[in-house]
Amino acid sequence: MRKYFENLYKKDCKAFYSELEQWVKTEQKKFIITANPEIFMQGEKDSAVNQMLSDSAVTTVADGIGIVKCAKLLNIDIPERIPGVEVSEKLLQIANENSSSLFLFGAKRDILEALCRVISEKFPNINIVGCEDGYTEDKDGVFEQIKTLSPDIVLVALGVPAQEKLIYKHLSDFKKGIFVGVGGSFDVLSGAKARAPKFFIKCNIEWLYRILKEPSRLKRFYNSNVKFIFAVKRESKIK
């Protein structure tokens, strides 16, 4: 697991967003993974996830505070977390400033339609070239459509790690584009769900707010986050 930490983006949010803006302006091809403990744990069991997390060409940022804290156990300095929902928000701002094209893939149809309305109102310079909900059976076919449209930015909300695996599978077919797996960010950006209050965000305990709102998440949290801490502690003892 150490190699996943070594491959993390090691600058702060300000530096990352500055680079993100340049990538959009210069039409770079970038795949961004917003990593939490869950995907690191899955990398230990899934060869496809392991490959992408180990790929130095993939930009992996620390979304979860657990990633930041556990990096210190391995003597790797990650200055701060870069939340996935904020990456999505920043990309929309950058896209609006540069009149960029955008494709949205994932979530329920009503969430996707609401998000398209929000983007059209708040970011009128963005050209939404296409959108598809996450319940289509032919997800590879959607990426064939995206390839034809060649958008500047592609946001995929299919859940971890399905969204990342799908992007990585098709990435070599593209010459440009910023690709991000955004999880539940469409729910927040569309206004269907509220993000945690500022207190929880500032204290890096958004995970606690989500559990309080949805207690059913507790088992998932234990399997991904608690087990993750023990796995990293074991890793830190390996010389």
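**Close-up views of a predicted model**

**View 1. The buried residues of helix α4.** In helix α4, which spans residues 47-54, the buried residues are V49, M52 and L53. They lie on the same side of α4, because they cover an arc of only 100 degrees around the axis. The model shown here and in the other views is predicted.

**View 2. What the buried residues of α4 pack against.** Helices and strands both take part in this packing. The helices are α1 (2-6), α3 (37-43) and α9 (162-170). The strands are β1 (29-35) and β2 (59-62).

**View 3. The start of α4.** Here D46 and A48 come together through a side-chain oxygen and a backbone nitrogen. The oxygen belongs to D46 and reaches to within 2.9 Å of the nitrogen of A48.

**View 4. Strand β3 and its cover.** Strand β3 consists of residues 101-106. The strand is mostly covered, with six of its six residues buried.

**View 5. Strand β3 beside strand β4.** Strand β4 is formed by residues 127-132 and runs parallel to β3. Five bridges join these two strands.

**View 6. Strand β3 beside strand β5.** Strand β5, residues 153-157, also runs parallel to β3. The two are joined by five bridges. L104 is bridged to L155 in β5.

Methods
Residues numbered from 1 in each chain as written. Predicted model: local features only at pLDDT ≥ 70, side-chain atom pairs only at ≥ 80, totals over all residues. Heavy atoms only, no water. Buried < 20%, exposed > 50% of the residue type's maximum accessible area, 1.4 Å probe, protein only. Helix = DSSP H or I, 4+ residues; strand = E, 2+ residues; numbered from the N terminus. Arc of directions from axis to C-beta. Contact = heavy atoms within 4.5 Å. Polar contact = N/O pair within 3.5 Å; in protein donor to acceptor, adjacent residues only side chain to side chain. Pairing = 2+ DSSP bridges.
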